[in-house]
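Open the model in your viewer and keep the sequence panel beside it. The stops below are given as selections, each followed by what is found there.

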Amino acid sequence: MENNVRPADMRRINTPELAEAFIADQVARVRAQVGDRKVLLALSGGVDSSVVAALLIRAIGRQLVCVHVNHGLMRKGESEQVIEVFQNQMDANLIYVDATDRFLDLLAGVDEPERKRKIIGGEFIKVFDEEARKLEGISFLAQGTIYPDILESDGVKAHHNVGGLPEEMQFELVEPVKLLFKDEVRVVGRALGLPASMVDRQPFPGPGLGVRCLGAITRDRLAALRESDAILREEFSKAGLADKVWQFFTVVPDFRSTGVRDGRRAFDWPVIIRAVNTVDAMTATVPEIPYAVLKTITDRVLAEVPGVCRVLYDLTPKPIGTIEWE
């Protein structure tokens, strides 16, 4: 398992017993590779980086230095969960960077989706670079590369790969789950004791809520997006839909519509619910959500989220629509 080719006879990791055997093997390999030196990891809170962090903590403890950058575009409670799980429960050597103002200031007035993505990705590399330069004795860079990344993109994983760091830093890579598929990574994560909310986390774009707060991002619309998304996730979970729908989220566009609130005219934003089922993300269908669930979500969003006067359900399959709006 030293190269980037998965052996033909490698067993699928689909049981706790196989996961424990894999963990034991990787712990030994990491210890042999790293020795008494330090490893740096960009810990996003996503499935892959979280599993790598938990595995490396088991292998080398506080020799692992995790950097979690909060760019202000996380879903509700995600950064707090990273701190609780890794710092408070696993005693990780965790550096938390709240760069919310830095990112949102750079994004002010930027409405072109690709430019937003480049600003977010580029600034993340800068923040991570700055934190890395403050540290001494770092010899390795850990990444949450998984096997589909190798098959589809030559091993470069956009939201974990920090290859934009200066070459003189000379980090050697540590990639303990690089030969695993996503479902196997989840099995390993459960065996490592990570919470289901982290292991079963839905796909989340690298730019985070930045591509769901459509157009130029404003702090008030971003807050409405974060709160409405939390309500959607809570109600889908209550209704037993969280593990039946592949991905679901809310979108808040950069326009307002007329409404009536407390007998007075309102001019507020719509919240759009997006839910899809897919196998490969190349095509996607829209599930039929029970009307009672949609009504509960609508009632809560209108009552609890300031600045919103409509709730809509996106019925567009892929193709012709994409899963994300931007």
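Select Ser 44, Gly 45, Met 74, Glu 78, Gln 81, Val 82 and Arg 201, which line the largest cavity. This lining has 2 nonpolar, 3 polar and 2 charged residues; here Ala, Val, Leu, Ile, Met, Phe, Trp, Tyr, Cys and Pro count as nonpolar, Asp, Glu, Lys and Arg as charged, and the others, Gly among them, as polar. The volume of the largest cavity is about 30 Å³, and the count is 1 cavity of 30 Å³ or more. A cavity is a set of points on a 1 Å grid over the protein atoms alone where a 1.4 Å probe fits but cannot get out, and lining residues have an atom within 4 Å of a point. Points are joined across faces, edges and corners, and the volume is the space filled by probe spheres set on them.

The model is predicted: local features need pLDDT of at least 70, side-chain atom pairs count only at pLDDT 80 or more, and totals for chains, interfaces and linings use all residues. Residues are numbered from 1 along each chain as its sequence is written, and side-chain values use heavy atoms, with hydrogens and water left out.

Next, show the open sheet, where 5 strands pair in parallel in the order β3-β2-β1-β4-β5. Strands (E, at least two residues) and helices (H or I, at least four) are DSSP runs numbered from the N terminus, and two strands pair if DSSP finds at least two bridges between them. Select β3 (93-98) and β5 (172-174): each is an edge strand with a single partner, so one side of each has no neighbour in the sheet. Zoom in on β4 (residues 138-142), which is joined to β5 by 3 bridges; Leu 141 stands opposite Leu 173 in β5.

Helix α1 (residues 16-34) lies across β1 (38-42), β4 and β5, at about 165 degrees to β5. Helix α3 (residues 78-89) lies across β2 (64-70) and β3, at about 165 degrees to β3. Axes are lines fitted to C-alpha atoms, for helices over the stretch in contact (heavy atoms within 4.5 Å), and angles run from 0 to 180 degrees between N-to-C directions.

Where does α1 meet α7? Select Ala 19, Glu 20, Phe 22 and Ile 23 of α1 with Val 187, Val 188 and Ala 191 of α7. These contact residues divide into 6 nonpolar, no polar and 1 charged.

Two backbone stops remain. Lys 318 and Pro 319 are joined by a cis peptide bond, with omega about -15 degrees; Pro 319 is in the segment after β9 (308-313). Asp 262, in the loop between β7 (257-261) and β8 (264-276), has a positive phi near 55 degrees.

How values were computed. On a 1 Å grid over the protein atoms alone, a cavity is a set of points where a 1.4 Å probe fits but cannot get out, and a pocket is an open set with protein on both sides within 12 Å along at least five of seven lines; lining residues have an atom within 4 Å of a point.
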